Amino acid sequence: AAMAAAASPTGSVFAYLTFHVRSDALAEFCEAAAGLLAASKLDRGLRRMDLHRERPWARQVSNDDYSLFVMCQEWAAAADLEAHVASEHATRFNQLVPRTLVVEP
């Protein structure tokens, strides 16, 4: 997964992560992502965490072999994002997900 983070004028910190998920591992990835989203709701400073799957369009990246997912996160502060990354549920997600991807992060 690739990750980019940026601060906004409102002070929020945004993280955008991309995942190229193998078609034969979609169920496993979605189960791991659902667990992460549910557990993260209790994380301090989380304002928003969404997961989106690419829909068909003229220049789509997804194909028969894999699907592109994008996770968008908004945090109150960089320290909140850093605490989330170090959390047990994020660590578990990071251990499970690489085997579902086309290439490891």
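Residues are numbered from 1 along each chain as its sequence is written, and side-chain values use heavy atoms, with hydrogens and water left out. Because the model is predicted, local features need pLDDT of at least 70 and side-chain atom pairs count only at pLDDT 80 or more, whereas totals for chains, interfaces and linings use all residues.

Helices (H or I, at least four residues) and strands (E, at least two) are DSSP runs numbered from the N terminus. In helix H3 (residues 88-96), the buried residues are His89, Ala90 and Phe93; buried denotes under 20% relative accessible area, exposed over 50%, and partly exposed the range in between (1.4 Å probe, protein chains only). These residues lie on the same side of H3, because they cover an arc of only 100° around the axis, the arc being that of the directions from the helix axis to the C-beta atoms. Glu88 and Gln95, on the other side of H3, are exposed. The buried residues of H3 pack against strand S2 (13-22), helix H1 (26-40) and helix H2 (78-86), where contact means heavy atoms within 4.5 Å.

The axes of H1 and H3 are 9 Å apart and the two helices pack at an angle of about 170°. H1 is therefore roughly antiparallel to H3. Axes are lines fitted to C-alpha atoms, for helices over the stretch in contact, and angles run from 0 to 180 degrees between N-to-C directions; those over 145 count as roughly antiparallel, under 35 as roughly parallel, 65 to 115 as roughly perpendicular and the rest as oblique. From H1, Glu28, Phe29, Ala32, Ala33, Leu36, Ala39 and Ser40 meet His89, Ala90, Phe93 and Leu96 of H3.

Gln73 is located in strand S4 (residues 66-75) and counts as buried, at 5% relative accessibility. Its side chain makes a polar contact (2.9 Å) with the side chain of Trp75. A polar contact is a pair of N or O atoms within 3.5 Å; within protein, one must be able to donate a hydrogen and the other to accept it, and residues adjacent in sequence count only if both atoms are side-chain atoms. Apart from neighbours within four places in sequence, Gln73 is in contact with Val13, Phe14, Ala15, Leu17, Arg48, Met49, Leu81 and His84.

Asp65 is placed in the loop between strand S3 (46-53) and S4. Asp65 is exposed, with a relative accessible area of 58%. Not counting residues up to four places away in sequence, Asp65 touches Val21, Arg22 and Ser23. The C-alpha atoms of Asp65 and Asp24 are 8.0 Å apart in space, while the two residues are 41 residues apart in sequence.
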